[in-house]
Amino acid sequence: MISVNEARRILSDNCERGEKQTISLKNSLNLIVAEDIFSPIDVPSFNNSAMDGYTMKFDENQHQWQVDTMIQAGDTSVHKIAEGKAARIFTGAKMPEGADTVIPQELVEFDSESREITYKDEKIKTGSNVRLRGSQCQKGELILIKGTQITPGVIGLLASVGLAEVKVFTAPSVTYIITGNELKETGTDLQEGEIYNSNGPMLEALLNNIGITDVTAQKAGDDKEELQQAIDAALEQQDVLILSGGISVGDYDFVKECLETAGVKELFYKIKQRPGKPFYAGKKAGKWIFALPGNPSSGLSCFNHYVKPCLRHIMGADDVWQPNRILALTNDHKKKSGFTFFVKAKTTGDKVEVLGAQQSFNLQAFSTANCFVELEEELDVVKAGTMVKVWDL
Ligand SMILES: Nc1nc2c(c(=O)[nH]1)N[C@H]1C(S)=C(S)[C@@H](COP(=O)(O)OP(=O)(O)OC[C@H]3O[C@@H](n4cnc5c(N)ncnc54)[C@H](O)[C@@H]3O)O[C@H]1N2
Ligand code: MOO
């Protein structure tokens with residue numbers, strides 16, 4: 001059995017960056033940008049109004065203007081404004097030539113007969129409420145650096161400069177195989193002795209969450225031949241294979257044996273940790289194979305602490321083996337020394353609280369948990385106030 005840190009070292013030593021590809025923006029969420037991105041245009045690409053109101057060449061000694069034009073957003077024609085006159089203008093509409101300022105409509109009085117506006121306030125200065133060409137970014141300017149994770153905001157930014165595609169590190173394709181005769185899908189009735197397959201939907205969500213959407217789900221009963229076929233087929237087709245269950249020592253735990261038969265090279269099996277001791281990692285011809293323990297909390301913990309960092313490194317992320325934060329514990333926690341514990345926890349301000357219901361079959365704590373806390377191997381009682389590693393979920 002190896003330590004948590006040895007497991008991390010072995011995985012990181014065997015992890016290489018994946019390929020790059022250009023994909024459409026709408027499929028890029030959560031992926032990592034593989035090259036610096038420069039804006040192909042000025043944004044905004046024309047001076048425009050930041051308010052619904054009136055525009056003119058502003059003179060602080062003038063208080064009345066006659067309105068002789070109207071300019072709507074999207075109007076591409078060239079409007080010119082005469083000295084001393086104003087135009088009705090709307091948010092996002094192109095500024096007319098000769099105008100430099102917009103007065104919001106709520107600050108003026110409009111006389112519909114004379115079509116004159118009167119403004120007597122002193123808030124407005126020349127240039128107020130005008131969004132200048134290039135004030136977000138200029139053509140050729142660096143707008144996003146390589147290594148940035150694509151958030152909805154990043155997608156907005158790239159779309160705003162007109163990009164429909166982006167070069168990212170390719171997300172691997174994944175097959176996961178859920179093993180166990182006792183498993184039924186949600187929406188069906190259970191007989192005593194059966195349980196719902198919670199690991200499948202959870203794994204799918206864990207993968208989607210890191211930008212992996214090419215995911216194939218398989219199921220295999222506790223039957224060696226059926227499992228072997230599923231493993232062999234997955235290794236033919238996908239980049240990564242994840243198994244759930246069947247990796248412990250029971251008579252029907254065939255995962256390890258079937259992986260050996262499939263020619264997978266074991267990197268390690270079993271880590272000095274709770275939960276998730278019987279976690280397995282291996283490789284075959286550049287493909288990754290991870291076998292998660294069947295207990296749902298154990299599987300989630302192993303995914304979070306080993307599978308996710310590996311996949312994220314392949315997909316271009318840096319510092320994947322570093323905890324998200326180091327925070328003080330709010331409560332004492334007893335543990336067994338000789339094992340690293342990953343406990344379900346919740347951050348509150350700059351502290352972190354270990355939650356109840358830590359058993360590995362029990363998922364209830366995830367209704368409030370937002371992280372795991374890592375409690376080091378050598379510790380037994382961990383006192384409130386101890387600084388601990390926090391791994392976000
Ligand atoms: N004699 C020993 N028995 C066990 C040991 C041990 O060291 N000696 N380790 C225990 C630990 S720790 C774990 S974790 C489990 C891991 O077992 P497996 O990976 O072989 O998983 P299974 O036996 O198939 O299932 C374990 C548990 O999880 C439930 N399960 C499985 N798949 C799902 C799923 N998709 N959704 C929801 N729940 C699932 C399954 O019904 C079992 O209750 O081994 C211990 N035993
Ligand atoms: O380690 Mo198992 O994952 O304790 O239930």
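Strand 26 (residues 371-375) pairs with strand 28 in the antiparallel sense over 4 bridges, and within this pairing Phe372 stands opposite Trp391 of strand 28. Strand 28 (residues 387-392) also pairs with strand 22 (residues 325-329), again antiparallel and over 4 bridges, with Ala328 placed opposite Met387. Two strands are taken to pair if DSSP finds at least two bridges between them, while helices (H or I, at least four residues) and strands (E, at least two) are DSSP runs numbered from the N terminus.

This is a predicted model, in which local features need pLDDT of at least 70 and side-chain atom pairs count only at pLDDT 80 or more, whereas totals for chains, interfaces and linings use all residues. Residues are numbered from 1 along each chain as its sequence is written, and chains are lettered from A and ligands numbered from 1 in the order in which they are written.

The pairings described in this report are collected here.

| Strand pair | Sense | Bridges |
|---|---|---|
| Strand 26 and strand 28 | antiparallel | 4 bridges |
| Strand 22 and strand 28 | antiparallel | 4 bridges |
| Strand 5 and strand 6 | parallel | 5 bridges |

Strand 5 (residues 64-71) and strand 6 (residues 85-89) belong to an open sheet of 6 strands with mixed pairing, whose order is 7-4-6-5-9-8. Because strand 7 (101-104) and strand 8 (109-111) stand at the edges with a single partner strand each, one side of each is left without a neighbour in the sheet. Neighbouring strands of this sheet are turned by 35° against each other on average, direction ignored, the axes being lines fitted to C-alpha atoms and angles running from 0 to 180 degrees between N-to-C directions.

The chain is divided into domain 1 (4-19 + 171-314), domain 2 (21-43 + 136-169), domain 3 (48-131) and domain 4 (325-392), with bounds that come from an automatic or database domain assignment. The centres of domain 2 and domain 3, taken over C-alpha atoms, are separated by 35 Å.
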